[in-house]
Amino acid sequence: MKKTYLTGLILFSIYALAVIIRIGVCVYHQDRYDFFPFTSESALLYRYARIAAQGQSIPEIDYMAQHPEGLPVWRNISVGVELVMGCIYRCLPEGKPDFHSFARYFTPFFFCLGVVGIYLVTSHILKDKFSGLTASLFYAVCLPAVIRSTGQEISKENFALPLIIFHIWFFLKACDRQQRSKFLINSLTGGLILITALIWWEGTQIYFYILVTFVVFKYLINKADSALIRFFVIQIVFCSLAGVLVPYLRAHYFVVSYPMLISLSLRSEEHTSELQSH
């Protein structure tokens, strides 16, 4: 029990260190420049997050973003984390910072949750908590991870990456023979996390490609056990629902994308094999 508390304390310290480093970089640049706005794509995402923070609805067609025809927001932009930022800001008590500052600091606080995910994934694979803590520390302080997540810009990948890491953890847990009693909850939670990442950042589809390729490869070499296939089927169900219901994914025909078609074909093949075996 004491070791668990000590591990938790070290992990929290790594998370705090990661956040402090990123906020420190952001504050340094804010103090250096009198005018420090969000620019380019970040400015557009900030606009929608601020609209959500004000309790207003993000417009279907944004004529301020694109003139004169207007920008079809929900079809052309993967809106998601902006709504979360706005909702959290509205729930904060009196004395909260202005939304501009909140939007900057929200990025490092959320991105650094990946510290916990990295620890869980690494320690699960290597069966060694020290290795997990080492990997988390590397994630927390390595320059490529720091420089992109300081809050100087709003980048969707900063919010999707921690979710992808946690999805890998639930994937590992669902396929762990020692945790089969928790298979359903791990699979359902993993599915929710995966579609959230897909909604928040279109780049998550690259991870989805890799996941599909891995499962297909395991299946072709007859190394895919029933837990892996069942977990994968649950993920595909979630992804199919998201592809139909989410405007951005529906507008980009996610349901008939290559990884989805391959996934559905794999499921059909598996079902056919089951019928033939009976």
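**Helix H9 and its two partners**

His167, Phe170, Phe171 and Ala174 in H9 meet Ala227, Leu228, Phe231 and Gln235 in H12, where contact means heavy atoms within 4.5 Å. This is a predicted model, in which local features need pLDDT of at least 70, side-chain atom pairs count only at pLDDT 80 or more, and totals for chains, interfaces and linings use all residues. Residues are numbered from 1 along each chain as its sequence is written, and side-chain values use heavy atoms, with hydrogens and water left out.

**H9 itself**
- H9 has 18 residues and reaches 25 Å from its first C-alpha to its last, close to the 26 Å expected at 1.5 Å a residue.
- Of the 18 residues of H9, 14 are buried, so this helix is largely enclosed by the rest of the structure; buried means under 20% relative accessible area with a 1.4 Å probe, protein chains only.

**H9 with H12**
- H9 and helix H12 (residues 226-245) pack at an angle of about 140 degrees, with axes 9 Å apart.
- H9 and H12 are therefore oblique to each other; angles under 35 degrees count as roughly parallel, over 145 as roughly antiparallel, 65 to 115 as roughly perpendicular and the rest as oblique.

**H9 with H6**
- Helix H6 (residues 114-126) and H9 (residues 157-174) pack at an angle of about 30 degrees, their axes 8 Å apart.
- H6 and H9 are therefore roughly parallel to each other.
- Residues making this contact include Val121 and Ile125 of H6, and Phe166 and Trp169 of H9.

Definitions and conventions:
Axes fitted to C-alpha atoms, helices over the stretch in contact; angles between N-to-C directions. Helix = DSSP H or I, 4+ residues; strand = E, 2+ residues; numbered from the N terminus. Expected span 1.5 Å × (residues − 1). Buried < 20%, exposed > 50% of the residue type's maximum accessible area, 1.4 Å probe, protein only.
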